Amino acid sequence: NSIVAIVGRPNVGKSTLFNRLVQRREAIVDAVSGVTRDRHYGKSDWNGKEFSVIDTGGYTIGSDDIFEEEIRKQVALAIDEADIIIFVVDVEDGITPMDAEVANLLRKVKKPIFIAVNKVDNAMRAADAVEFYNLGLGDYHTISSINGSGTGDLLDAVAEKLAEPEEVDLEKDELPRFAVVGRPNAGKSSFINALIGEDRNIVTNIAGTTRDSIDTKYNRFGFDFNLVDTAGIRKKSKVKEDLEFYSVMRAVRTIEYSDVIILVVDATRGFEGQDEKIFWLAEKNRKGIVILINKWDLIEKETNTMRDFEAKVRKQIEPFTDVPIVFISALTKQRLFKAIETAVEVFENRKNRIATSKLNDTVLEIVKSYPPPAIKGKFVKIKYCMQLPTPTPQFAFFCNLPQYVKDPYKRFVENKLREIYNFSGVPITIYFRQK
Ligand code: GDP
């Protein structure tokens, strides 16, 4: 999937455009998982192609008196990490010196760039927009992110440059792609080193397509897998590594390219804000997830220490609670086999396909016995269900009144699916549709 970054100076309407792009999609995602929205990162889709959207402006504090330096940094990062860039300008202000500077940076870039002239709410404004040809970046799109006009045309143009949707080829036996992610100092490097050791048992490292060049094939404990390493191929940027925006961009990129996210958590700090953020990022992208609680050697243990720790994490990731949690120590090499074995299992679970007949014999029976509550005397009748032919588990339930099926009921159905079938560590999407 492609990453689309929205850049521009403050107050040109980046966030409004971002909200427009992700809203429709977020509504679906939120309804299913109850996940809190990230205001700066989201998924969207257009003409059947999914993509990630990043609002670079969202990562600056006090955006009114933002330093130009900061904007330049963000544009530089977007140029490095995104596949497609939408440069938002404001028709009311015309080309400001800052716009001209951003345009300068963008002109050197080979990636697709779209200029969105925002706040074009009427025909007069549309005429004013011609001035933006002077940015030297070619044609522009006029939009009004407030009323939505023009965004469809903009998206049509963007969609032509988006990567084609992932093909579902169940026959093809691809190696799992694992990404080791987590907060700084959680022990990611230590884990990878403990796993692949000094000899770096590399089987192949094919350079070529983008995807190949960031995958390195390993064999450990009898398992073949690829480790996705985006850091390795990224050009050294002059940008400070501690920018939150930077770490999010990195995580997004890495997650996009992987099948299973191995989230390394520092046991001494607990499962915290940043961990949760990465977790939901992976969930939104429908990637498999394994949580490794690292540095377990440092924890003073009593009878229920592990159980209590685990229960606390599970509470934080509700309702997606059947994610495997493995307690490891990269230092003493404790349970590294278990960690990899679990990641391979999650990879397999993600490919689970349940035959329609089986689903209808199991889940449908339960759903029929416990139908959604009637609303205003109207009953929801669920006729049948099926797993969609998508790369990750998605289910459609066909009924007479899909709009009457509320979140708690969807969660109930998801829990049943998880109880009956093994989707441990795998995000599930459930749709209710009119027959
Ligand atoms: P990264 O930033 O996530 O790659 O973290 P590092 O792998 O660089 O580890 C950060 C620090 O934690 C280093 O000082 C490591 O030696 C230490 N560390 C990593 N894993 C463990 C572990 O399992 N136990 C202990 N005691 N220390 C660890």
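User: Before anything else, what makes a residue buried here?
Analyst: A residue is buried if 20 or more other C-beta atoms lie within 10 Å of its own. This is a predicted model.

User: OK. How much of the protein chain is buried, then?
Analyst: Buried residues make up 40% of the chain's 435 residues.

User: How many helices and strands are there?
Analyst: The protein chain has 15 helices and 15 strands.

User: What share of the contacts join residues at least 24 apart?
Analyst: Take the contacts between residues at least 6 apart in sequence. Of these, 72% join residues at least 24 apart.

User: Switching to the ligand. Which residues come nearest?
Analyst: Gly187, Lys188, Ser189, Ser190 and Leu331 do, out of 15 residues around the ligand.

User: Which helix gives the most to that shell?
Analyst: Helix 6, residues 188-196, with three residues.

User: And how does the shell split by class?
Analyst: Seven residues are polar, five are nonpolar and three are charged.

User: Now helix 3. Which of its residues are buried?
Analyst: Asp99, Val102, Ala103 and Leu106, within a helix that spans 97-107.

User: Why do they end up on the same side of helix 3?
Analyst: They cover an arc of only 105° around the axis, so they share one side of helix 3. The general rule: an α-helix has 3.6 residues a turn, so residues three or four places apart point the same way.

User: What covers them?
Analyst: The cover of helix 3's buried residues includes strand 1 (2-7), helix 2 (68-81), strand 4 (84-90) and strand 5 (113-118).

User: Which exposed residues sit on the face turned away?
Analyst: Pro97 and Ala100 are the exposed residues carried there, on the face of helix 3 turned away from its buried side.

User: Strands 13 and 14: parallel or antiparallel?
Analyst: Antiparallel, joined by five bridges. They form a hairpin with six residues between the two strands. Tyr384 stands opposite Phe398 in strand 14.

User: And strand 14 with strand 15, parallel or antiparallel?
Analyst: Parallel. Six bridges join strand 14 (residues 394-399) to strand 15. Here Phe395 stands opposite Ile430 in strand 15.

Note on methods. Residues are numbered from 1 along each chain as its sequence is written. This is a predicted model: local features need pLDDT of at least 70, side-chain atom pairs count only at pLDDT 80 or more; totals for chains, interfaces and linings use all residues. A residue is near a molecule or strand if its C-beta atom, placed from the backbone, lies within 6 Å of it. Helices (H or I, at least four residues) and strands (E, at least two) are DSSP runs, numbered from the N terminus. Ala, Val, Leu, Ile, Met, Phe, Trp, Tyr, Cys and Pro count as nonpolar, Asp, Glu, Lys and Arg as charged, and the others, Gly among them, as polar. A residue is buried if 20 or more other C-beta atoms lie within 10 Å of its own, exposed if 12 or fewer, and partly exposed in between; C-beta atoms are placed from the backbone. Two residues are in contact if their C-beta atoms, placed from the backbone, lie within 7 Å. Two strands pair if DSSP finds at least two bridges between them. The arc is that of the directions from the helix axis to the C-beta atoms.
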